[in-house]
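Please look over the model shown here before reading the notes that accompany it.

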Amino acid sequence: MTRILVVDDEDLVRETLCNMLEDVGYEIVEAANGVEALHVFDEIEVDLVITDIFMPEKEGLETIAELRQRKPDVKVVAISGGGGDGKMDYLEFAKRFGARSILTKPFLREDVLRVVSAVLEQDNDVPASGPKVAWRKGES
């Protein structure tokens, strides 16, 4: 069974994503922030990580970079409803850090399932592009 790690600090968003994915047969593990996500990722084999960008303790971009350090071919979908200063499209930036796809909140069930299916079907032998070093909060 395909296992997906869902990472979001908003309980309702995390629960909604988990329900959408479980309803079609995916096994779900979850985390409320990047610190928890990295711990789960180190303990449990997952096929895909869906992570929010703006979270407390460890933001999504930093989480993506650290996931890729641990496993360069990890499949990641970045999600966000905005935030930041409006000068940068953080979801597009997440692609540079290795996210294979992005979703903007609010999203439709059909969009989530389409993106998840497409990313899971991508070739595992080809790592997503992205930096080889970790991004640190506060660096530009």
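## Overall fold

This is a predicted model, and its chain contains 5 helices and 5 strands, which follow one another along the sequence in the pattern β-α-β-α-β-α-β-α-β-α. Of the 140 residues in the chain, 48% are buried.

Among the contacts with a sequence separation of 6 or more, 72% are made by residues 24 or more positions apart. The chain exposes about 7400 Å², and carbon and sulfur atoms supply 48% of that area.

## Helix H1 and its buried face

Helix H1 covers residues 11-23, which is 13 residues, and spans 18 Å from its first C-alpha to its last, close to the 18 Å expected at 1.5 Å a residue. Its buried residues are Val13, Arg14, Leu17, Cys18, Met20 and Leu21; viewed down the axis of H1, they fall within an arc of 165°, so they line one face of the helix. An α-helix has 3.6 residues a turn, so residues three or four places apart point the same way.

The buried residues of H1 pack against strand E1 (3-7), strand E2 (27-31), E3, strand E4 (76-80) and helix H5 (109-121), whereas Asp11, Leu12 and Asp23 are exposed on the other side of H1. After H1 comes glycine 25, which has a positive phi, near 105°.

Because phenylalanine 54 lies in the loop between strand E3 (48-52) and helix H3 (60-70), while tyrosine 90 belongs to helix H4 (residues 90-96), the pair ties together parts that are 36 residues apart in sequence.

Phenylalanine 54 has a relative accessible area of 25% and is therefore partly exposed, since residues count as buried under 20% and as exposed over 50%.

## Threonine 63 in helix H3

Threonine 63 has its place in helix H3, and with a relative accessibility of 0% this residue counts as buried. When neighbours within four places in sequence are left aside, threonine 63 is in contact with Gly34, Ala37, Leu38, Met55 and Lys58.

Technical notes
Residues are numbered from 1 along each chain as its sequence is written. This is a predicted model: local features need pLDDT of at least 70, side-chain atom pairs count only at pLDDT 80 or more; totals for chains, interfaces and linings use all residues. Side-chain values use heavy atoms; hydrogens and water are left out. Helices (H or I, at least four residues) and strands (E, at least two) are DSSP runs, numbered from the N terminus. Buried means under 20% relative accessible area, exposed over 50%, partly exposed in between (1.4 Å probe, protein chains only). Contact means heavy atoms within 4.5 Å. Accessible areas come from the Shrake-Rupley method with a 1.4 Å probe; for residues, only the protein chains shown count as cover. The expected span of a helix is 1.5 Å times one less than its number of residues. The arc is that of the directions from the helix axis to the C-beta atoms.
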